[in-house]
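Please keep the sequence and the structure in view while reading.

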Amino acid sequence: MAAAAAATAADATNALTAAGAAGAPGLQDAAAAASERSGRRKQHVADLLLVRAKPMYGYYPDEALFIKVVLYNPQEVNRVSLLLGSGAILGRRFQPYEAHIPYLLQLKIGFNLVGMGWIKL
């Protein structure tokens, strides 16, 4: 069961980066098209990772598979989350999680930093 879920999630990550079978744009294509309107053409998506975590909304006793989208520029999180939520990617609506949390706070959480804590170098 876990192998089938991992295979399905791996297919989803591959489909998110590339164009869909029906010609729907992938995540990189949609982000590039959105920034092309502003006159820039650059790479937006650094990596897509499969992670196991518990959803933060509601009670879930088991972990679920999530696709973690890593961007080159943290200022584009809002734009990419709007693209994912609107159905512009693969013609399917995705639920972005933690897109509303500021980047600096996500950085601190990711490295287990707390206020007035020590940073080991």
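In this predicted model, Leu71 belongs to strand 2, which covers residues 64-71. Leu71 counts as buried because its relative accessible area is 18%, and the cut-off for a buried residue is under 20%. Not counting residues up to four places away in sequence, Leu71 touches His44, Val45, Ala46, Glu76, Val77 and Val80. Leu71 and Leu48 are separated by 23 residues in sequence, while their C-alpha atoms lie 9.0 Å apart in space.

One of the residues that Leu71 touches is His44. His44 sits in the loop between helix 2 (27-36) and strand 1 (45-53). His44 is also buried, with a relative accessible area of 1%. The side chain of His44 makes a polar contact of 2.7 Å with the side chain of Glu76, and Glu76 is likewise touched by Leu71.

Val80, another residue in contact with Leu71, is found in helix 3 (residues 77-86). The buried residues of this helix include Val80, Ser81, Leu83, Leu84 and Gly85.

The confidence of the prediction can be considered next. For the protein chain, the mean pLDDT is 76, and 70% of the residues reach 70 or more. The table gives the elements with the lowest and the highest mean pLDDT.

| Element | Mean pLDDT |
|---|---|
| Helix 1 (residues 2-17) | 49, the lowest |
| Helix 3 | 91, the highest |

Over residues 1-7, pLDDT stays under 50, and the model has four contacts beyond four places in sequence for these residues.

Notes
Residues numbered from 1 in each chain as written. Predicted model: local features only at pLDDT ≥ 70, side-chain atom pairs only at ≥ 80, totals over all residues. Heavy atoms only, no water. Helix = DSSP H or I, 4+ residues; strand = E, 2+ residues; numbered from the N terminus. Buried < 20%, exposed > 50% of the residue type's maximum accessible area, 1.4 Å probe, protein only. Contact = heavy atoms within 4.5 Å. Polar contact = N/O pair within 3.5 Å; in protein donor to acceptor, adjacent residues only side chain to side chain. pLDDT = per-residue confidence, 0-100.
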